[in-house]
Each structure stands twice: as structure tokens, then as C-alpha cells.
Amino acid sequence: MDPFLAAAIEEAKLGLAEGGIPIGSVVVIDGKIVGRGHNRRVQQGSAVLHAEMDALENAGRLTGADYQRATLYSTLSPCDMCSGASLLYKIPRIIVGENRTFQGPEAYVRSRGVDLQIVDDPECVRLMEEFIAARPELWNEDIGV
């Protein structure tokens with residue numbers, strides 16, 4: 001398995017263990033993780049702290065040149081908000097663990113020149129399917145339903 005996707009899965013499991021939603025993300029530049037995060041909306045009482053936003057926040061302030069060398073890994077297809085942040089900072093590559101349980105604006109992101117790849121990782125699928133079955137109300141809140 002890709003070690004960076006494995007790190008995003010570790011983050012997702014950490015979020016679940018904290019009572020949150022099992023979605024994880026890492027920001028990678030030049031072969032090194034510079035930011036890690038997981039969905040912490042529940043834990044922090046946040047409206048916007050999705051995994052990708054948490055990873056970007058934890059990466060700290062970066063230059064445009066840094067973002068333009070970055071790859072964003074996420075266990076789940078990024079939503080409109082997280083996709084928008086990636087587009088804003090011109091992150092050229094996004095690796096998605098799975099998009100069976102949720103699909104963000106992938107076609108639009110690709111139309112903007114981003115190399116977006118879907119891995120369809122079974123562990124990512126399992127984490128989300130089990131969570132959605134157990135906590136549908138929390139999942140619906142997270143995706144704005």
C-alpha cells in the first residue's frame with residue numbers, strides 16, 4: 001500500500017477513536033508528509049474542520065511554490081469546500097482512497113487541471129460504510145444533508 005494513503009487511513013482511525021468521523025488526510029511535498037489531519041468537526045465543534053482542511057491547517061503557512069509541488073491524500077473524495085481549498089492553492093494532485101460512499105466534485109476538479117486519482121481502497125470503503133451504518137445522523141450533518 002502507498003505509505004501516504006496508509007498515513008491518511010491512520011488519521012481516519014484516530015478520528016473515529018476520538019468519537020468523530022473516520023476521514024483522514026495528509027499533505028505531501030517532495031516525498032514527505034508536511035501536514036496530517038482528520039475530520040474533527042465533532043471533536044472541535046467546528047463547521048469546517050474536514051480532514052483535508054485539518055491537514056492543510058496543520059501544514060502551516062506554505063508558499064505558492066510549495067503547494068504547487070504538493071499531493072493531497074484523502075481517504076474519501078473531497079467535498080466542495082475541501083476541493084475548493086485545493087484549487088485555491090493550486091495543489092496539482094489529489095489521491096482519493098474511495099468515492100463509493102461519497103463523491104465530491106471530481107469532474108470539476110479534473111477540469112481545472114488537477115490529477116485526481118481514485119484508489120478504491122477496501123479499508124477506506126469499510127471504514128465509511130461501517131460508520132455511515134452506525135451513525136447516519138452524524139454523517140448527514142457532515143455532508144450538509
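1. Basis. In this predicted model, local features need pLDDT of at least 70 and side-chain atom pairs count only at pLDDT 80 or more, while totals for chains, interfaces and linings use all residues. Residues are numbered from 1 along each chain as its sequence is written, and side-chain values use heavy atoms, with hydrogens and water left out.

2. Annotation. An unreviewed UniProt entry lists residues 1-116 as "domain: CMP/dCMP-type deaminase"; such annotations may be inferred rather than shown by experiment. The span is 41% helix and 21% strand, and its end C-alpha atoms lie 18 Å apart. Helices (H or I, at least four residues) and strands (E, at least two) are DSSP runs, numbered from the N terminus.

3. Parallel strands. Strands β3 (70-74) and β4 (93-96) pair in the parallel sense over four bridges, where pairing requires that DSSP finds at least two bridges between two strands. Tyr73 has Ile95 of β4 as its bridge partner. β4 is also joined to β5 (residues 115-118) by four bridges, again in parallel, and Val96 stands opposite Ile118 in β5. The β-α-β crossover from β4 through α6 to β5 is right-handed, as is the β-α-β unit of β3, α5 and β4. Right-handed here means that, with the strands pointing away from the viewer, the path from the first strand over the helix to the second runs clockwise.

4. Helix α5. In α5 (residues 80-88), the buried residues are Cys82, Ser83, Ala85, Ser86 and Leu87 (buried: under 20% relative accessible area; exposed: over 50%; partly exposed: in between; 1.4 Å probe, protein chains only). These residues pack against α3, β3, β4 and α6 (106-111), with contact taken as heavy atoms within 4.5 Å. Lys90, which follows α5, has a positive phi near 55°.

5. Aromatic pairs. Rings of Phe, Tyr and Trp (its six-membered ring) pair if their centres lie within 6.5 Å; planes under 30 degrees apart count as stacked, over 60 as edge-to-face and the rest as tilted. The count comes to three aromatic pairs. One of them, Phe4 with Tyr73, is tilted, at 5.6 Å centre to centre and 50° between the planes. Phe4 is buried at 19% relative accessible area, and Tyr73 is buried at 4%. The rings of Phe102 and Trp139 are edge-to-face because their planes stand at 90°, with centres 6.0 Å apart.

6. Loop residue. Gly45, between α2 (41-44) and α3 (51-59), is exposed at 67% relative accessible area.
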